Amino acid sequence: MSYIVLARKYRPQTFDQIVGQAHITRTLQNALISGRISHAYLFCGTRGVGKTSAARILAKALNCAQGPTSTPCGECSSCKSIAAGNSVDVFEIDGASNTGVDDVRQLRENVKYAPSSGRYKVYIIDEVHMLSTNAFNALLKTLEEPPPHVVFIFATTDPHKIPDTILSRCQTYEFKLIPLTLLLDTLKSICASEGIQMAEELLMLIARKAEGSMRDGLSFLDQTISFGADKITREELIELLGVIDRAFLIGLVETILDSDVPGVLERFEATAEFRFEPRQFYQDLVELLRDLIVVKVSKNPGRLVVAPDSELKQLGEICRSQSFETLQRQFDGLIQAENEVLRASHPRLVLEMLLVKMAHDQPIVPLDGLIAKLDELIANGAIAPGGGQAGPKPTPQRAAGSASPRPRSAKAAPQAVSRDEAPAQTQAANESADPQWLKLVEATKGKRLSAGALLDNGVPQQLSADLVRIGMNPTHLSLLGRAEDNEALLDAVAEVFGADARLELIALDNGSSQQQARSSKKKESDKLRTIKRQALESPVVKDALELFNGEVVDIRIQRQRK
């Protein structure tokens, strides 16, 4: 007997054997059990994810001697003939080769006749989007009202090319890409069945190369076995499949994070030895940076990153030396450059310059980390608490959210709040923002939007558990007097300040109202300037700027959490 390739030898024969499409197989099985069998199905999805296999299994389930059944026996004459592809009641049609209206007219004539031996005539049309417009139009009437013994199963990789008039007459099922873990497990199982010994890291390379397609994965495995599965090395497999080694990518990312621009250029030059597509290289690099971020923030990264333990350990070591902000910024830079890379006429050159740019960026150090390092240096006597420096300056680093470090000019000033002064300054910021007032407005809006909108134009006079006094424009005050709005405001006051709080609404003339609003804004502005000035005069911040030769370009006042 001639050799049968793995993709055919291990083609699923039951719904349970279809990998990664449980949402579809379960629906089809329940429909068969309940007898809710549609006259037309549309299976969509990329190549090699099980569309045609599912169509054949559904045909077997409909015509099985024990059926219709959710578990075709595979032993009766109908199941065997469908599996062999010679059933007289199941017709597999290639949409790319039968695109004309005459082909559809012949199909319309044939559907009138009853099946020869089974219960149903099943028409499986693969790549149905290749049919011409006239052919689709000729199919419409038959598809809408087919004979009771006919079931259509369409399969396509491009459902967007199918007319809406056809789509509306079908039950549509979206086949997903097969997850990497399931692909890897299936490859392991098949290797065990074939008696083939292959390292998991090699199977992982094959699974990644398959990109969610089971058929592609089995074809690559077949190719590897032909080369010599028990003797092939990692380097030989990489050359055979034309993939970028994950270990190479990890080394490249390490060089980028070390800001080693010459090293990045040398490493990227080495990729000339690989047969890689720039799109694939870019996608692999994005995936690797995503994995690094997950390892950095997750307590159990093994559940979220599909990689051998040795690789997870290596990623963990990289993350320990890098801040989350640095990893996130590198990831964002890659994503923002996607169109430039994928649409460039010379994508390799664009990729090279993108990597150089990433490596040239200085690592981001969070402000909290800088202050902690300052405290440590002060405690060790490396710098004086009031300023000055005991040792040489380290390499400038950038604080999260700041611009690139530059030599400080004579007018430059620190722009952060020292930890000792932060509570008092935050409290001042909270008072200027009237958090209780904001809370009252939001609570009122939650109960009645119109009442909250009117209240938002008011001027708070007193806010306490005893009295809530609010100045209002006369027009707004009259509108707020409506029963529904007034009731919503009273409920909000009780919710925010307590049931004993008394509400007073005072009418203000337009000039008085505007004057108080301007006065309130001026007070808030003055307090903010005071807070910022105190931050600029903070000794800790001055020391940080001097030590790291940096410049702070923004001051952000954070609200104190309750």
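Asp485 is buried, with a relative accessible area of 0%, where buried means under 20%, exposed over 50% and partly exposed in between (1.4 Å probe, protein chains only). Asp485 still has a charged partner: a salt bridge joins Asp485 to Arg482, with 2.8 Å between the closest N and O atoms. Arg482 counts as partly exposed, at 40% relative accessibility. This is a predicted model, in which local features need pLDDT of at least 70 and side-chain atom pairs count only at pLDDT 80 or more, while totals for chains, interfaces and linings use all residues. Residues are numbered from 1 along each chain as its sequence is written, and side-chain values use heavy atoms, with hydrogens and water left out.

**Salt bridges**

- Side chains of opposite charge can pair when their charged atoms come close.
- Here a salt bridge is a side-chain nitrogen of Lys or Arg within 4 Å of a carboxyl oxygen of Asp or Glu, and a search of the whole structure turns up 19 salt bridges.
- Glu92 and Arg56 make one of these, with their closest N and O atoms 2.7 Å apart.
- That pair links distant parts of the chain, 36 residues apart: Glu92 sits in strand S2 (residues 90-94) and Arg56 in helix H3 (residues 51-63).
- Helices (H or I, at least four residues) and strands (E, at least two) are DSSP runs, numbered from the N terminus.
- Glu92 is partly exposed at 41% relative accessibility, and Arg56 is partly exposed too, with a relative accessible area of 23%.
- Arg290 and Asp291 also meet in a salt bridge, 2.7 Å from N to O.
- Asp291 is buried, with a relative accessible area of 2%, whereas Arg290 is partly exposed at 36%.
- Arg290 and Asp291 belong to a network of salt bridges that also takes in Arg246 and Glu311.

**Aromatic pairs**

- A pair of aromatic rings is described by the distance of the centres and the angle of the planes.
- Rings of Phe, Tyr and Trp (its six-membered ring) pair if their centres lie within 6.5 Å; planes under 30 degrees apart count as stacked, over 60 as edge-to-face and the rest as tilted.
- By this rule there are eight aromatic pairs.
- Phe43 and Tyr173 form an edge-to-face pair, at 5.9 Å centre to centre and 80° between the planes.
- Phe43 lies in strand S1 (residues 40-44) and Tyr173 in strand S5 (residues 171-174), so the pair ties together parts that are 130 residues apart in sequence.
- Phe43 and Tyr173 are both buried.
- Ring pairs also link Phe43 and Tyr173 into a cluster with Tyr41 and Phe175.

**A negative surface patch**

- Glu254, Asp258, Asp260, Glu266 and Glu317 form a negative surface patch.
- Patches are made of residues with over 30% relative accessible area and no salt bridge, with like charges joined within 9 Å and nonpolar side chains (Val, Leu, Ile, Met, Phe, Trp, Tyr) within 5 Å.
- Asp and Glu count as negative and Lys and Arg as positive, while His and the chain ends are not counted.
- Glu254 is found in helix H12 (residues 246-257) and is partly exposed, with a relative accessible area of 31%.

**Positive phi values**

- Most residues other than glycine have a negative phi, and most peptide bonds are trans.
- Glu127 has a positive phi, near 50°, and is placed in the loop between strand S3 (121-126) and helix H6 (133-144).
- Glu211 has a positive phi as well, near 55°, in the loop between helix H9 (200-210) and helix H10 (214-228).
- Glu211 is partly exposed, with a relative accessible area of 38%.

- Phe91 is in strand S2 and counts as partly exposed at 27% relative accessibility.
- Phe91 and Ile124 are 33 residues apart along the chain, and their C-alpha atoms are separated by 6.0 Å.
- Phe248 is in helix H12 and counts as buried at 13% relative accessibility.
- Phe248 and Phe268 are 20 residues apart in sequence and 9.7 Å apart from C-alpha to C-alpha.
- Ala359 is in helix H18 (residues 347-360) and counts as buried, at 0% relative accessibility.
- Ala359 and Leu265 are 94 residues apart along the chain, with 9.9 Å between their C-alpha atoms.

Technical notes
Areas by Shrake-Rupley, 256 points an atom, 1.4 Å probe, with all protein chains shown as cover. Charge placed at Lys NZ, Arg CZ, Asp CG, Glu CD.
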